[in-house]
Amino acid sequence: EAERAWRGSGAPVELFRISGIYGPGRNLIERLRRGGYVAVAWDPPRYANRIHVDDLVEGVVAAIARPRPGRVVNLTDDLPSPHADYVRALARAAGAPDPLVLAPEEARRRLSPDYLAFFRANRRVSNRLLHRELLPRLRYPSFRAALPSLLAGGA
């Protein structure tokens, strides 16, 4: 609805569809370190996209420098992945306790419908336009590339 409203506004609009943002103070490492984090291993896997805040800002700045009204850009990194895989990798890298990864049947019994709906969604999108028109290379093409700086507290 918001996109339709902007497109109908008559203004020279560009739309940015932003993935899950992570970066300094905006990641799951501290929650994982506290223990008790719960994820769901869907079958087939459900994918999610992410973007580091620095790449998000660089993408928007590049669009401001090279505007193209009507453009719709997915601001996302190069590695969509299932949430359970993502949190397992973060936990391993951070030396945190393994998250509890539930099968869908168990998750339906133990987790709220809102929590399940968020992680059930399949958000695997392309960032080809971002690379072609705005950012040929991302500083953090995946959360794995950002791990060293996330763990050091910098990214």
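Biologist: Why is Phe 119 called buried?

Modeller: This is a predicted model, so the values are computed from it. Phe 119 has a relative accessible area of 14%. Buried means under 20%, so Phe 119 is buried.

Biologist: What makes Phe 118 partly exposed?

Modeller: Its relative accessibility is 48%. Exposed would need over 50%, and buried under 20%. Phe 118 falls in between, so it counts as partly exposed.

Biologist: How many aromatic pairs does the search find?

Modeller: Three, across the whole structure. In one of them, Tyr 86 pairs with Phe 143.

Biologist: Why is the pair of Tyr 86 and Phe 143 called edge-to-face?

Modeller: The ring centres are 4.8 Å apart, and the planes make an angle of 90°. Pairing needs centres within 6.5 Å, and edge-to-face needs planes over 60 degrees apart. Both conditions hold, so the pair is edge-to-face.

Biologist: What makes this a link between distant parts of the chain?

Modeller: Tyr 86 is in helix H4 (residues 83–94), and Phe 143 is in helix H8 (residues 143–151). The two are 57 residues apart. Tyr 86 and Phe 143 are both buried.

Biologist: How are the rings of Phe 118 and Phe 119 arranged?

Modeller: They form an edge-to-face pair, with 4.8 Å between centres and 90° between planes. Ring pairs also bring in Tyr 115, giving a cluster of Tyr 115, Phe 118 and Phe 119. The charged end of Arg 123 sits over the ring of Phe 118, 4.8 Å from its centre.

Biologist: Which ring does the charged end of Arg 50 sit over?

Modeller: The ring of Tyr 86, at 3.8 Å from its centre. The distance limit is 6 Å. Arg 50 itself is in strand S5 (residues 50–52).

Biologist: How do you know that Arg 50 has no salt bridge?

Modeller: The nearest side chain of opposite charge, Asp 77, is 6.1 Å away. A salt bridge needs a distance within 4 Å, so Arg 50 has none, though it is buried.

Biologist: What polar contact does the side chain of Arg 50 make?

Modeller: One with the side chain of Ser 81, at 3.0 Å. The limit is 3.5 Å. Beyond its neighbours within four places in sequence, Arg 50 is in contact with residues including Tyr 22, Leu 79 and His 83.

Biologist: What makes the peptide bond from Asp 43 to Pro 44 cis?

Modeller: Its omega is near 0°. Pro 44 is in the loop between strand S3 (38–40) and strand S4 (47–48).

Note on methods:
Residues are numbered from 1 along each chain as its sequence is written. This is a predicted model: local features need pLDDT of at least 70, side-chain atom pairs count only at pLDDT 80 or more; totals for chains, interfaces and linings use all residues. Side-chain values use heavy atoms; hydrogens and water are left out. Rings of Phe, Tyr and Trp (its six-membered ring) pair if their centres lie within 6.5 Å; planes under 30 degrees apart count as stacked, over 60 as edge-to-face and the rest as tilted. Helices (H or I, at least four residues) and strands (E, at least two) are DSSP runs, numbered from the N terminus. Buried means under 20% relative accessible area, exposed over 50%, partly exposed in between (1.4 Å probe, protein chains only). A charge sits over a ring if NZ of Lys or CZ of Arg is within 6 Å of the ring centre and within 35 degrees of the ring normal. Lys and Arg count as positive and Asp and Glu as negative; His and the chain ends are not counted. A polar contact is a pair of N or O atoms within 3.5 Å; within protein, one must be able to donate a hydrogen and the other to accept it, and residues adjacent in sequence count only if both atoms are side-chain atoms. Contact means heavy atoms within 4.5 Å.
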